[in-house]
Amino acid sequence: MTRISEEQVKHVAHLARLAITEDEAKKFTTQLDAIIGFAEQLNELDTSNVEATSHVLDMKNVMREDKPVEGLPREEVLKNAPDKQDGQVRVPSILD
Amino acid sequence: MSLFDHKLSELHELLHKKEVSVTDLVDESYKRIDAVEDKVKAFLTLDEENARSKAKEMDAKLGTDESKGLLFGMPIGIKDNIVTKGLRTTCASKILENFNPIYDATVINKLHSADTITIGKLNMDEFAMGSSTENSGFQKTSNPWNLETVPGGSSGGSAASVAAGEVPFSLGSDTGGSIRQPAAFTGTVGLKPTYGRVSRFGLVAFASSLDQIGPITRNVEDNAYLLQAIAGLDPNDSTSANVEVPNYAAALTGDVKGLKIAVPKEYLGEGVGEEARQSVLASLKVLESMGATWEEVSLPHSKFGVSTYYLLASSEASANLARFDGVRYGYRTPNAENLLDLYKKTRAEGFGDEVKRRIMLGTFALSSGYYDAYYKKAQQARTLIKKDFEDVFAKYDVIIGPTTPTPAFKIGEKIDDPLTMYANDILTIPVNLAGVPGISVPCGFSSTGLPLGLQIIGKHFDESTIYRVAHAFEQATDFHTKRPQL
């Protein structure tokens with residue numbers, strides 16, 4: 001039984017904003033199917049009454065004092081931008 | 001003999017007596033890099049000009065109060081996923097090929113306050129995803145013990161540079177074994193601290209609930225001093241823990257009398273090589289002769305570690321790596337028609353295959369209809385794995401086993417088969433899932449002359465006991481004094 005189809009791989013690649021070729025879609029389907037198949041060993045575990053762990057330490061809602069602090073200077077922040085204009089990041093048109 | 005065969009405390013003494021200058025230490029690094037780097041290929045970026053001018057400034061302070069800190073003038077290498085202001089930081093990815101960070105990671109700030117000198121940035125698997133450093137977008141690093149074998153990963157450059165004597169210590173990061181496995185493969189000492197012990201601020205995130213920064217050194221004492229310098233609560237990292245940092249060097253007493261060691265049968269069973277098994281049994285004898293006792297125990301959910309890890313780490317990675325979209329920093333495709341196209345092509349052209357695989361696996365595991373079956377199931381399995389450790393630590397001081405099932409494998413041997421590569425991390429992954437600290441120390445050599453690593457695992461925030469055991473073991477053995485011939 002396949003666990004993930006080529007169509008699903010293409011859909012997942014779209015969700016993840018990754019362009020993939022037909023050849024890559026085939027290759028990733030085989031590899032991801034094997035990995036997911038392996039991961040399904042977790043089905044051997046009875047987890048019906050088991051809490052999920054998202055964080056190993058017993059801490060939550062760490063807050064800092066609500067006090068404004070200086071941000072990074074705009075020129076610095078823009079230093080690594082591939083394209084910029086008038087203190088803004090520039091991107092291609094969003095609407096066709 | 002290399003200056004770096006001295007321990008950190010000895011180098012400090014030599015500096016203090018002005019028998020050695022900071023410039024000498026920096027020279028030692030760059031001379032060694034000149035001599036062996038074309039074979040080892042551990043560095044992605046060198047910071048020689050800055051390092052030398054800083055060394056000169058610091059030499060003027062030698063002998064004054066300002067030079068009293070133990071790390072004053074010490075050269076260090078930094079894994080290339082830890083951001084360094086103005087010094088290129090790539091995560092070994094084409095997508096960050098020309099990225100110059102605008103701030104320093106907290107660990108870098110702490111090292112600067114301690115007056116270390118950054119020699120350069122070290123190669124790794126792209127975004128720390130891998131176990132061999134073969135997934136680097138730029139170059140393959142070799143294991144100094146045998147250039148045809150991998151140095152391990154993902155902190156392969158960090159471990160190889162220390163083993164090769166290019167730097168006396170380095171920082172790496174460990175999400176599923178990325179400090180301990182390369183340390184084992186290169187005969188160095190590598191610690192993954194308790195989750196929350198060291199700030200992750202400025203560590204480019206891979207899997208935020210698992211990542212930790214830690215030191216790779218040539219001996220246990222140096223490792224303890226390095227951790228001392230980087231550990232502690234950081235307001236910039238809400239997952240860093242508000243737990244007092246003890247004096248780690250004070251734990252190095254050499255005394256393990258009465259220590260209770262647990263040895264999980266799963267760590268010496270199926271899939272673990274005979275040489276790794278024998279070296280661990282021999283190491284246990286050494287500790288026994290010093291007054292420690294050991295018993296076999298079980299971590300029954302160990303075999304689920306790899307599956308759990310790949311689902312959780314990939315899910316977290318798929319979210320964390322969404323930021324690399326070609327808009328604010330990093331590579332941007334020159335061929336985009338519109339914004340969606342820009343995202344897709346930038347990421348397709350910028351990321352390597354392993355990174356794409358994990359982003360897609362994570363996106364799948366988190367997607368509608370699959371979340372409960374994969375992501376939530378893995379989080380529940382994590383609870384069971386964590387409980388395994390809690391049960392054992394209720395009765396024992398440390399857990400000991402091999403760091404890896406086998407010594408370093410050949411370059412190219414596993415790269416085309418993700419699952420075989422993943423299986424290499426079977427003994428290190430559960431430690432990250434449980435959030436406990438673990439160290440790898442040299443404990444022998446294979447018949448082919450490759451180093452083997454002993455993994456010592458401790459309770460949450462009990463790095464001191466790990467160091468005490470590792471140090472006592474090191475005092476009784478000479479594996480850590482062996483050097484590769486390059």
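This briefing describes the pockets, cavities, salt bridges, backbone features and sequence-distant contacts of the structure above. The model is a predicted one. A search over all chains finds 25 salt bridges in the whole structure, and the structure also holds four cavities of 30 Å³ or more. The largest pocket contains about 640 Å³ of space, while the largest cavity has a volume of about 70 Å³.

**Pockets**

- The largest pocket, with about 640 Å³ of space, is lined by 25 residues, and those nearest its centre are Val83(B), Phe99(B), Tyr103(B), Arg323(B) and Tyr329(B).
- The lining of the largest pocket divides into 17 nonpolar, four polar and four charged residues.
- The second largest pocket holds about 360 Å³ of space, and its lining consists of 16 residues, of which Glu266(B), Glu270(B), Gly271(B), Lys303(B) and Ile426(B) lie nearest the centre.
- In the second largest pocket the lining is made up of seven nonpolar, five polar and four charged residues.

**Cavities**

- Among the four cavities of 30 Å³ or more, the largest has a volume of about 70 Å³, and of the 14 residues lining this largest cavity, Ala128(B), Gly130(B), Ser178(B), Tyr309(B) and Asp425(B) are the closest to its centre.
- The lining of the largest cavity comprises five nonpolar, seven polar and two charged residues.

**A nonpolar surface patch**

- Leu72(A), Val77(A) and Tyr103(B) together make a nonpolar surface patch of about 260 Å², and Tyr103(B) is also one of the residues nearest the centre of the largest pocket.
- Leu72(A) sits in the loop between helix H2 (22–39) and helix H3 (74–78) of chain A, where its relative accessible area of 46% makes this residue partly exposed.

**Salt bridges**

- In chain B, a salt bridge of 3.0 Å, N to O, joins the side chains of Glu221(B) and Lys7(B); Glu221(B) lies in helix H7 (residues 220–230) and Lys7(B) in the segment before helix H1 (8–16), so that the pair, 214 residues apart, links distant parts of the chain.
- Glu221(B) counts as buried at 12% relative accessibility, whereas Lys7(B), at 28%, counts as partly exposed.
- The side chains of Arg180(B) and Asp174(B) meet in a salt bridge of 2.9 Å, N to O; Arg180(B) is buried with a relative accessible area of 0%, and Asp174(B) is likewise buried at 0%.
- A network of salt bridges links Asp83(A), Arg90(A) and Arg332(B).

**Backbone features**

- Most residues other than glycine have a negative phi, and most peptide bonds are trans.
- Cys91(B), although not a glycine, has a positive phi of about 55°; Cys91(B) lies in the loop between E2 and H4 of chain B and is buried, with a relative accessible area of 0%.
- Phe461(B), also not a glycine, has a positive phi of about 60°, and its place is the loop between strand E11 (451–457) and helix H15 (463–476) of chain B.
- Gly153(B) and Ser154(B) are joined by a cis peptide bond with omega of about 10°, and Ser154(B) belongs to the loop between strand E3 (117–122) and helix H5 (156–163) of chain B.

**Contacts between sequence-distant residues**

- Ile95(B), in the loop between strand E2 (75–79) and helix H4 (106–113) of chain B, is buried at 2% relative accessibility; the C-alpha atoms of Ile95(B) and Arg332(B) are 7.9 Å apart, although the two residues are separated by 237 residues in sequence.
- Ile261(B), in strand E7 (residues 260–264) of chain B, counts as buried at 1% relative accessibility, and its C-alpha atom is 5.8 Å from that of Tyr396(B), a residue 135 residues away along the chain.
- Ala51(B), in helix H3 (residues 48–59) of chain B, is buried at 2% relative accessibility, and a C-alpha to C-alpha distance of 8.5 Å separates Ala51(B) from Pro75(B), 24 residues apart in sequence.

Conventions: Residues numbered from 1 in each chain as written. Chains lettered and ligands numbered in written order. Predicted model: local features only at pLDDT ≥ 70, side-chain atom pairs only at ≥ 80, totals over all residues. Heavy atoms only, no water. 1 Å grid on protein atoms, 1.4 Å probe; cavity = no way out; pocket = protein on both sides within 12 Å on 5 of 7 lines; lining within 4 Å. Points joined across faces, edges and corners; volume = space filled by probe spheres on them. Nonpolar A, V, L, I, M, F, W, Y, C, P; charged D, E, K, R; others polar. Patch = residues over 30% accessible without salt bridge, like charges linked within 9 Å, V, L, I, M, F, W, Y side chains within 5 Å. Areas by Shrake-Rupley, 256 points an atom, 1.4 Å probe, with all protein chains shown as cover. Salt bridge = Lys/Arg side-chain N within 4 Å of Asp/Glu carboxyl O. Helix = DSSP H or I, 4+ residues; strand = E, 2+ residues; numbered from the N terminus. Buried < 20%, exposed > 50% of the residue type's maximum accessible area, 1.4 Å probe, protein only.
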